Amino acid sequence: TEFKPVYTVEGCTFDRNSATYDVKNGDDAGGGAILIQVNPTDTPNTVQVASLHVKNSTFTGNTATGYGGAISTRREADRGNARIYLNVDNSTFDGNRATSAGTGGWRGGGAVWVEGYAWADFTNNVFTGNYSAQYGGAIASNNTVNYSGRTLTLGALREDGTPDPEKSNTFTNNSSNSAGGAVYVGTVSPGDNTNGIYTTVHIYGNTFTKNTTNWGSGGALYVDSGTQRNDLGLEVVGATFTGNQAINSSSSGAVRIYGVPTSFKDCEFANNTTEQSHGGAVWVNRTKRFDMDNVTFTGNTAGAVRNDGWGGAVFINEIPSSFEAAFTWNNVTFEGKPCAVPAGKTVAAALLGDAHAGYTSIHPLTGERRAPFCMMGTCFECLVEIDGQPNRQACLTIVREGMDIKRQYPDKEQER
């Protein structure tokens, strides 16, 4: 038996409402404008599934001292017979805030907080200037084992499998103090486990522009489950990430992924930055599967302020052998010495990072040692000999199995 109450909010305006609760003792409140709470039923073989549909509405300057500056879902913990479906369509969220109440638990979702056994769809919404004192400047959700099987979907696909531009959401100038400047889906604490994917995140279309995280990870998006399984936990199709930032000691300018098998397709990352850490656009941690298909990275920077960031576009680390992850490597030789290089790297990147080449050529006039500089094919400082052919631009050549790479010396340079 299912009890399915449906609640609809359409064409409404919510301006500067607030929810506060026992700030003195550190407890948190949620839903500055709307909170929907579903209590479990004691009736045998009965499931209560409440639906909240929010359409064509505006939420401006609402505040919660805890979670969900504008909207929050809530239910009693560890009870699977009370569930919530949240659908938000064609609505605007501007300047909503989830602030810290003290020593309470989860705090997040400057605009929307999705808690408990809840599923949520967001289509054609605009999130601008929302703020969270902890997680998810615009949207946050707690991704825990107690609520396995949930989905969080931003946008929608057309019948041909491409994102529907009329259903895409826009995230601009949202910020969080901790993780996920725009969107956060995470666990109470990161860690490896074997319980599987708890929440599957689908992002179809959507633009993320100038969102920031101040001290955490993921200027635009943070997704964490800590799992070691192959199940696809994050699917991103046709999304654009532009000018997002991880400032101060934060990492991953646009996206941070921890332990979540992930797929990116037809996406663009441009001018995302970290100030002092790694992953100018994306940082992937302890993840067994990470697929990219037709993804473009342009002008992303790691360590823009302190100049010590790794992975200007993508930084992948912490891949323990226990994961049994399958990565493709190419075996090449440099100056006669064998070297294993991840598939997809340019020769220049491989020589600098994997082969520790130091220099790649000798200048024909000055005799100075030269090395790759611009990494975009204009300076010609990266010329090397590949398989006996001189004057090959290392920064424009992708490594392949069995390559024989040698430094370029003046006699070869003169043949150009």
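1. A residue is called buried if its relative accessible area is under 20%, exposed if that value is over 50%, and partly exposed in between, with a 1.4 Å probe and protein chains only. By this rule F315 is buried, because its relative accessible area is 11%, whereas W310 counts as exposed, because its relative accessibility is 52%.

2. The model is a predicted one, in which local features need pLDDT of at least 70 and side-chain atom pairs count only at pLDDT 80 or more, while totals for chains, interfaces and linings use all residues. Residues are numbered from 1 along each chain as its sequence is written, and side-chain values use heavy atoms, with hydrogens and water left out.

3. The accessible surface is about 17,700 Å², with 46% of it belonging to carbon and sulfur atoms, as computed by the Shrake-Rupley method with a 1.4 Å probe, where for residues only the protein chains shown count as cover. If we take contacts (heavy atoms within 4.5 Å) between residues at least 6 apart in sequence, 78% of them join residues at least 24 apart.

4. An open sheet of 8 strands runs in the order β4-β9-β14-β18-β22-β26-β30-β34, with parallel pairing. Its edge strands, β4 (18–19) and β34 (273–274), each pair on one side only. Two strands count as paired if DSSP finds at least two bridges between them, and the parallel strands β18 (residues 131–132) and β22 (residues 175–176) are joined by 2 bridges; in β22, S175 is the bridge partner of Y131. Strands of a sheet pair through backbone hydrogen bonds, either parallel or antiparallel.

5. A nonpolar core is a set of buried Ala, Val, Leu, Ile, Met, Phe, Trp, Tyr and Cys residues joined through side-chain atoms within 4.5 Å. The largest such core has 53 residues, and those with the most contacts inside it are I71, V112, F122, F241, F264 and F269. Strand β12 (residues 82–89) gives the most to this core, with 4 residues. A second, separate core of 16 residues includes F334, V347, A350 and M403.

6. Aromatic rings deserve a point of their own. Rings of Phe, Tyr and Trp (its six-membered ring) pair if their centres lie within 6.5 Å, and planes under 30 degrees apart count as stacked, over 60 as edge-to-face and the rest as tilted. The whole structure has 16 aromatic pairs. One of them joins F264 and F269 edge-to-face, at 5.7 Å centre to centre with 70 degrees between the planes, and both residues are buried. W310 and F315 also form an edge-to-face pair, at 5.9 Å centre to centre and 65 degrees between the planes. One aromatic cluster includes F14, F122, F241, F264, F269 and F297.

7. Which residue lies over the face of W283? R256 does, at 4.0 Å from the ring centre; a charge sits over a ring if NZ of Lys or CZ of Arg is within 6 Å of the ring centre and within 35 degrees of the ring normal.

8. Two further residues can be checked in the model. T13, in strand β3 (residues 13–15), counts as exposed because its relative accessibility is 64%. P390, in strand β44 (residues 389–393), is buried because its relative accessible area is 19%.
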